[in-house]
Amino acid sequence: MAGFADLNLPQGPDKKSLQSLLETAAHLGYSTVALNHVIDFKEKKQEIVKPVCPSELFPSLPIVQGTSKRIKVLTRLTLVVSDPSHCNLLRSTSANIRLYDIIAVFPKTEKLFHIACTTLDVDLVCINVTEKLPFYFRRPPVNMAIDRGIFFELLYAPAIKDSTMRRYTISNAISLMQICKGKNIVISSAAERPLELRGPYDIANLGLLFGLSESEAKAAVSTNCRATILHGETRKSACGVVYTVKKPRKVEEEETTLPACKKAKTQA
């Protein structure tokens, strides 16, 4: 069985805060977390930098409660796209993008949501939970994303901070469940402080409030997260594959290599 995972811990500049988040996540029973580096092209021009190796940030990782293993730390890149031109970066062959374990996209419009589901090579599509959605989810792009192995991410930390965000979180989640029928859902925290983290079984109970079944809610913090990670591994390995095609020998070339006597026989 896959362990529990939180695929969205914001990667801030404060190493001490990150260490506290990791220790709390390990204590709550999460075996895998992803440090999320967010780029919003609307704010200012930003470049995609290489991900920082977790071993450089944390010389000693905490041990997961109830096990003898240390918590696994992955790297994640989330691109907030508000214009179709922003998607061109994901279509490029940027070496730095391929270095991240998980690639997520946060589309701001219906058109960008459709593009993310149908054409972009990503692992996660983020769903806005802090405000009312400006569009309705439609079945064709959602089904295509599911067929492509892409997962939809819902966050719960904003719902802890504010009652209005809590209402939007539940409303937007239910709207998505009506279309995807509980398939390919990942629930993450986006917790900036240890107090905003909740245990995996508490999150599974929250999934019931979103309209998930008991098995789907548990999968949203375990097996679906594992599938997202595997999708990222497949994407990374596919980028490095080089295909070679053996060139067929031409008949004319073969004829030129025949001796003159054999040529005469074949012509006769």
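1. A104 stands opposite L124, which belongs to strand β5. The strands concerned are β4 (residues 102–107) and β5 (residues 124–126), which pair in the parallel sense over 2 bridges; two strands are said to pair if DSSP finds at least two bridges between them. Strands here are DSSP runs of E with at least two residues, and helices are runs of H or I with at least four residues, both numbered from the N terminus.

2. Before going further, please keep in mind that this is a predicted model, in which local features need pLDDT of at least 70 and side-chain atom pairs count only at pLDDT 80 or more, while totals for chains, interfaces and linings use all residues. Residues are numbered from 1 along each chain as its sequence is written, and side-chain values use heavy atoms, with hydrogens and water left out.

3. The pair β4 and β5 is part of an open sheet of 7 strands, whose order is β1-β2-β3-β4-β5-β6-β7 and whose pairing is parallel. At its edges lie β1 (4–10) and β7 (185–188), each of which pairs on one side only. Neighbouring strands of this sheet are turned against each other by 30° on average, direction ignored; axes are lines fitted to C-alpha atoms, for helices over the stretch in contact, and angles run from 0 to 180 degrees between N-to-C directions.

4. Which strands does helix α5 touch where it packs on the sheet? Helix α5 (residues 110–118) touches β3 (72–81), β4, β5 and β6 (151–155), and its direction makes about 155° with that of β4; contact means heavy atoms within 4.5 Å. Helix α9 (residues 200–210) also packs on the sheet, touching β1, β2 (30–40), β6 and β7, with its direction at about 125° to that of β7.

5. The pairing of β1 with β2 is parallel and runs over 5 bridges, and P10 has N36 in β2 as its bridge partner. Together with helix α1 (residues 15–28), β1 and β2 make a right-handed β-α-β unit, right-handed meaning that, with the strands pointing away from the viewer, the path from the first strand over the helix to the second runs clockwise.

6. Not counting residues up to four places away in sequence, T32 touches F4, A5, D6, I71, K72, L74 and I229.

7. The largest nonpolar core has 66 residues, and those with the most contacts inside it are F113, F152, I185 and I187; such a core is a set of buried Ala, Val, Leu, Ile, Met, Phe, Trp, Tyr and Cys residues joined through side-chain atoms within 4.5 Å. Leaving aside neighbours within four places in sequence, F113 is in contact with P107, V125, I127, F135, F137, V142 and F152. A second, separate core of 14 residues includes L7, A34, F151 and V186. In soluble globular proteins, nonpolar side chains tend to be buried together.

8. L230 lies in helix α11 (residues 223–239). The C-alpha atoms of L230 and G149 are separated by 9.9 Å, although these residues are 81 residues apart along the chain.

Technical notes
Buried means under 20% relative accessible area, exposed over 50%, partly exposed in between (1.4 Å probe, protein chains only).
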